[in-house]
Amino acid sequence: MQKLRWGLVGGGEGSQIGFTHRAAAQLDGHFYFDAGALDIDTEKSKSFGRKLGLTDQKSYGSWEEMLEKEKKLNKEKRLDLVTVATPNSTHFEITKSFLKEDFNVLCEKPLSMTVEQAQELVKLSKDMGKICAVNYGYTGYPLVRQMRSMIMNGDLGDIRLVFAEFAGGFMADESDAQNPRVKWRFSAKHAGMAAITIDCGIHALNMACFVTDKKIVKVSSDFFSGIKSRELEDDNLSSFRMENDVAGRLWTSGLAIGRTHGLTLQVFGSKGGLSWKQEQPNQLFWTPINDSTRIIERGHPNLYPSAKRINKITIGHPEGMIAAFSNIYKDLFENINARKFGKNPSELSKSYPTVEDGCHSLEIVKAMKKSVSLNGSWARV
Ligand SMILES: NC(=O)c1ccc[n+]([C@@H]2O[C@H](COP(=O)([O-])OP(=O)(O)OC[C@H]3O[C@@H](n4cnc5c(N)ncnc54)[C@H](O)[C@@H]3O)[C@@H](O)[C@H]2O)c1
């Protein structure tokens, strides 16, 4: 099958997430890096694009210029997918503008700054008949897909409790708190409704929803700022309830020195429990009730088809974050191609995180803020 044309907005030189997107989009040979507006600075944007192999015409100085020129190209030459990897406050405007001109978009999380904006993007993508995905890239790990399949197939029995954590020490240094690259993350104007909850917590919440296939219906939250000069929280401990009365707990923090990245997900059902850590993503720990723990290895032939489908290298050779993100691109490739050629995408390829998922995350954070304002009382999502 032919490669699809891919464009990137943001993710310039030295950015945190740009390299991972470029590597992931091209890893399976599905997408061809065709155009970019990579930096807020016009000259840097053009020169970095050229350095990465884009032609002069396709190394744009701004996303507005990229949109203006790309939308005029005929069907064969048009971008099939645009990834938005700029800071949070710009996601809504850029995503909306590309969707409106009939492009498919993969937007970094958070989808937008407010629930209302997210709802607008849900409607717009429907009206335009375009894919709008949100990069909850950790759902692309094969063993996270295995968790979901095990839960869907009843291996854990009735799900009772989900424990989701994204707590690390990455925002714990008070002497670095005024650094502009750190400071914006704790400012309502630039980060949105919340800080660590938006930056990290929503990944863990999204994974809780993804593996259980359930939405969160109410929350009770305690936000805390360990570094007192911060406008927004750097720690959040929340309880939540999901559909079917599943209980959930979230701990997200930037203060947890020593926990490195700290993304973990545990699910407990009536027949057993599962535990997965992003820092050891190639092993999933499965404990049937009244039995000892066993290790499920990525790449083993006895995995569910959802995990086998996206396995890339042999068992025992570690796969990581780039491979996980590439699986989101693989799903998008299948879905975009299916739409292009009037075919049905495979059921398994529909696992990518959608604009509705991105909107649900913001609804949860809004309810958490409400709960905080009510001293931790339950607030409906
Ligand atoms: N899904 C994940 O696991 C994950 C991980 C890290 C970051 N992110 C998200 O990715 C986004 C970017 O984060 P980051 O840490 O890479 O930020 P960063 O500050 O390191 O880099 C942002 C890049 O975007 C460029 N940029 C800013 N405004 C722009 C504009 N208007 N047009 C074009 N380029 C522009 C900057 O020049 C820079 O190159 C954030 O929304 C963040 O939440 C997601």
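Reader: Which element supplies the largest share of the lining of the largest pocket?

Author: That is α9, with three residues of the lining. α9 (196–212) is one of the elements that supply at least two residues each, among them β1 (4–10) and α11 (321–340). A helix here is a DSSP run of H or I of at least four residues, a strand a run of E of at least two, both numbered from the N terminus. Please keep in mind that this is a predicted model, where local features need pLDDT of at least 70 and side-chain atom pairs count only at pLDDT 80 or more, while totals for chains, interfaces and linings use all residues. Residues are numbered from 1 along each chain as its sequence is written, and side-chain values use heavy atoms, with hydrogens and water left out.

Reader: What makes a space a pocket, and what makes it a cavity?

Author: Both are sets of points on a 1 Å grid over the protein atoms alone: in a cavity a 1.4 Å probe fits but cannot get out, whereas a pocket is an open set with protein on both sides within 12 Å along at least five of seven lines. Lining residues have an atom within 4 Å of a point. Points are joined across faces, edges and corners, and the volume is the space filled by probe spheres set on them. The largest pocket comes to about 1300 Å³. Its lining counts 42 residues, and Ala-85, Thr-86, Pro-87, Trp-184 and Arg-185 lie nearest its centre.

**Cysteines**

Reader: How do you know how many disulfides there are?

Author: A search of the whole structure finds zero. A disulfide is a pair of cysteine sulfur atoms within 2.5 Å. The sulfur of Cys-132 has its closest cysteine sulfur in Cys-107, at 6.4 Å, so the two are too far apart for a bond. For Cys-200 the closest cysteine sulfur is again in Cys-107, but at 17 Å, also too far.

Reader: Why is Cys-132 called buried?

Author: Its relative accessible area is 4%, and buried means under 20% (exposed is over 50%, partly exposed in between, with a 1.4 Å probe and protein chains only). Cys-200, at 6%, is therefore buried too.

**Two residues and their contacts**

Reader: Why does Arg-309 count as buried?

Author: Its relative accessibility is 19%, and therefore Arg-309 counts as buried. Arg-309 lies in the loop between α10 (305–308) and α11. Contact means heavy atoms within 4.5 Å. Leaving aside neighbours within four places in sequence, Arg-309 is in contact with residues including Arg-145, Asp-331 and Glu-334.

Reader: What about Ser-149: buried or exposed?

Author: Ser-149 has a relative accessible area of 12%, so the word is buried. Ser-149 lies in helix α6 and, beyond its neighbours within four places in sequence, is in contact with Tyr-304 and Ser-306.

Reader: Why are β2 and β5 said to stand at the edges?

Author: Five strands form an open, parallel sheet in the order β2-β1-β3-β4-β5. β2 (31–37) and β5 (132–134) each have a single partner strand, so one side of each is left without a neighbour in the sheet. Strands pair if DSSP finds at least two bridges between them, and β1 and β3 (residues 81–85) have five. Leu-8 stands opposite Thr-83 in β3.

Reader: What is the order of the nine-strand sheet?

Author: The order is β13-β12-β11-β10-β6-β9-β8-β7-β14, an open sheet with mixed pairing. Its edge strands are β13 (294–297) and β14 (379–380), each of which pairs on one side only. Helix α6 (residues 142–152) packs on this sheet, and its direction makes about 25° with that of β12. Helix α12 (residues 355–373) packs on the sheet as well, at about 55° to β7. Such angles run from 0 to 180 degrees between N-to-C directions, with axes fitted to C-alpha atoms, for helices over the stretch in contact.

**A covered helix**

Reader: What makes α1 mostly covered?

Author: Seven of the ten residues of α1 (residues 18–27) are buried, including His-21 and Arg-22. What covers these buried residues includes β1, β2 and α11.
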